[in-house]
Amino acid sequence: MSNTDIPVEPENLIIAAIDAAEDIRDPLDGLAEETATDPGAPFAPDAVERLAVLKTEDRAAFEALRARLKKAGCRVTALDESIAEENGDMGGRGPTQADILIELAQEAELFHAPDGTGFADLNINGHRETWPIRAKGFRRWLARRFYQETGGAPSSEALQSALNVIEAKAHFDAPERIVYIRVGGLDGKLYLDLGDENWRAVEIDTTGWRVIDNPPVRFRRAAGMKPLPIPVKGGSVETLRSFLNVQSDADFVLVVAWALAVLRNRGPYPVIVLSGEQGSAKSTFSAILRSLLDPNTAPLRALPREDRDLFIAASNGHVLAFDNVSGLPAWISDTLCRLATGGGFAVRQLYTDQDEVLFDAARPVILNGIEDIVTRPDLADRAVFLTLEPIPEERRRPEAELWAAFEAERPRILGVLLDAVVQGLGRLPETRLDQLPRMADFALWATACETALLPAGTFGSAYCGNRDEAVEGVIDADPIAAAVRAVMATRAEWTGTASDLLGALSEVAGERVAKSKTWPDSPRALAGRLRRAAAFLRKIGIEISFGREGRARTRTIHIAATPSHATPENAGARPSASSTPSASAPESNSANGFAVPPPQTVTNDADGRTDGSGLGGAATVRANLLKTNAETAADGADANRPLQSAPAKAGTPGWRARL
């Protein structure tokens, strides 16, 4: 009997059918490898049918396989059309990578800044992060979400197309919000970005300060930003002094006032200028101040070579610190003036003919150098000058030891500064000064904050003394101002043309100075230099006015030395009353490290000036803090006060100029 004659049991037929079915190969197995040698393999009917099913049932696996087919040389656009036809979708292929990216971006909350830059709020691990749409942070998040959804990577063309659409939606369809860097403000409260991975911030108001998780203001993280420590209460501001090479109480008061200004969300911010010979720890001084308020991986930088570089630095940091400055060109001196008081920058956007990149804000600046680097009066009027003395050998500390001690104290130092900011927010609305100096908002803010750390009036005394020293230093550094002072040393007034004055000044200055590059080469240039130096010359009692005389309306310059040029910033001797009662103790915080000095009356020193330190046991306090004459107050652009005419003194020529 042959095998064909043997009857087959039904169960054997089922087993045989199963075995035959197992031999049928899945069309997608090895399809990518086969496509490398046969680009038409994915278009086989069974492969297209299987791909259509896979796209419907497992989109992530389909996208991963599609990416491998594309890499193997398959025309995926035509393949998408074939799959769409197989699914009965005659309208075309399915969503592109750009479509998927745009859909994924709907998870983010879009908005735009006042300058039109698009931003996105992202929810990452339970906290909110804010990134510019064109920044790497947002691109990485979007690429990661695409991989989570599809298992593949988006093409650069698809990512760029999606970003264009997302940015347009942020600009036209989303609200406008202000984006800050490190310090922001909203509804009378200040917010300090801690810069940590959870994007927390310190909220400061009149009731105190606290660390919060999701601040209502938006902060931007720039490259190089480092986190601040969590501030701790109970510190002393005197601890900061042990890390800074300051020689006098007045200098330290100005450093604290500058630090308190940095913690505010608006300017003006005075430029702090450090000078001293090598070995006076200027760089360490600058690095510690920046690490305390706005730490960065590159805390100190070289002076920029053009406006664009300074604009980029100001856009990516709250505090700017420039190290080892040997001189300030005229253009950067003017730019630093705008940066201190708030001003706009406009540079052409790269790869465009008409578009501009705009920046309008103020930034705190630190400059340090061996020489007196600030010589222009307009910048000097916006600066605080500190001269550092060399550190003796026996007082030097290893840098590692210094920074380790500073890191241990940094949370408490930051906490005590925040305590002062709290008081400043409460006292600022009712804080008034007799006369507003240049940088008036800074003076008001420091005065409002000072009683949390210092005796009342300490800042005003220190600031006035520093401004007096700045006047003398700038006049000595300016050959024209120094020559004008020399000419007026032997006369009460001088009147003539700019050409006559240029000759007179050249004779006083000497041939070597008159032939230098810094000397004006024309009467017109001399007039410009006089206008620039007029404010500081006025403070030493020399008035300069410009006018026209005669029928020919000849331009003339009139210089007059006032009989008494003592101002509250440069006060003359004042005799004390014979029976002046002792002053009451000024308000201060006993826990801040500054002891309240014993009450003292105003005394006169040997050269007829009241002492301006206001600190320590032997220091005295000025009678009128931050008080200047009417012309000085009116000259300050920040004061915004009309010029008040004073009664003319007999025999004194009036100020008939318009400077």
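Colleague: Which residue in β14 stands opposite Ala 321?

Modeller: Ile 366 does. This is a predicted model, in which local features need pLDDT of at least 70, side-chain atom pairs count only at pLDDT 80 or more, and totals for chains, interfaces and linings use all residues. Residues are numbered from 1 along each chain as its sequence is written, and side-chain values use heavy atoms, with hydrogens and water left out.

Colleague: How do you know that β11 and β14 pair?

Modeller: Three bridges join β11 to β14 (residues 365-369), and the two run parallel. Pairing asks for at least two bridges found by DSSP between two strands, so β11 and β14 qualify. Strands (E, at least two residues) and helices (H or I, at least four) are DSSP runs, numbered from the N terminus.

Colleague: What makes β11 and β15 edge strands?

Modeller: The open sheet has four strands in the order β11-β14-β10-β15, with parallel pairing. β11 (320-322) and β15 (383-387) each pair on one side only. Helix α11 (residues 282-293) packs on this sheet and touches β10 (271-275), β11, β14 and β15; touching here means heavy atoms within 4.5 Å.

Colleague: How many bridges do β17 and β18 share?

Modeller: Strand β17 (residues 542-549) pairs with β18 over eight bridges, in the antiparallel sense. One of the bridge partners in β18 is Thr 556, which faces Gly 547. The hairpin has four residues between these strands, and Gly 550 takes a positive phi near 75 degrees there. On β18 (residues 554-561) there are also four bridges to β16 (residues 493-496), again antiparallel.

Colleague: Why is α12 called roughly parallel to α13?

Modeller: The axes of α12 (residues 307-315) and α13 (residues 330-341) cross at roughly 25 degrees and come within 11 Å. Angles under 35 degrees count as roughly parallel, over 145 as roughly antiparallel, 65 to 115 as roughly perpendicular, and the rest as oblique. That value therefore makes α12 roughly parallel to α13. Asp 307, Leu 310 and Ala 314 in α12 meet α13 residues including Trp 331 and Leu 339.

Colleague: Is Asn 125 buried or exposed?

Modeller: Asn 125 has 75% relative accessibility and so counts as exposed, since the term applies over 50%, with buried under 20% and partly exposed in between (1.4 Å probe, protein chains only). This residue sits in the loop between β2 (118-124) and β3 (127-132). Asn 125 has a positive phi of about 50 degrees, although it is not a glycine.

Colleague: Why is Trp 199 called buried?

Modeller: Its relative accessible area is 8%, so Trp 199 falls in the buried class. Trp 199 lies in the loop between β6 (189-193) and β7 (201-205), with a positive phi near 55 degrees in a residue other than glycine.

Colleague: Where is Pro 268 placed?

Modeller: Pro 268 is in the loop between α10 (249-262) and β10. A cis peptide bond joins Gly 267 to Pro 268, with omega about 5 degrees.

Note on methods:
Axes fitted to C-alpha atoms, helices over the stretch in contact; angles between N-to-C directions.
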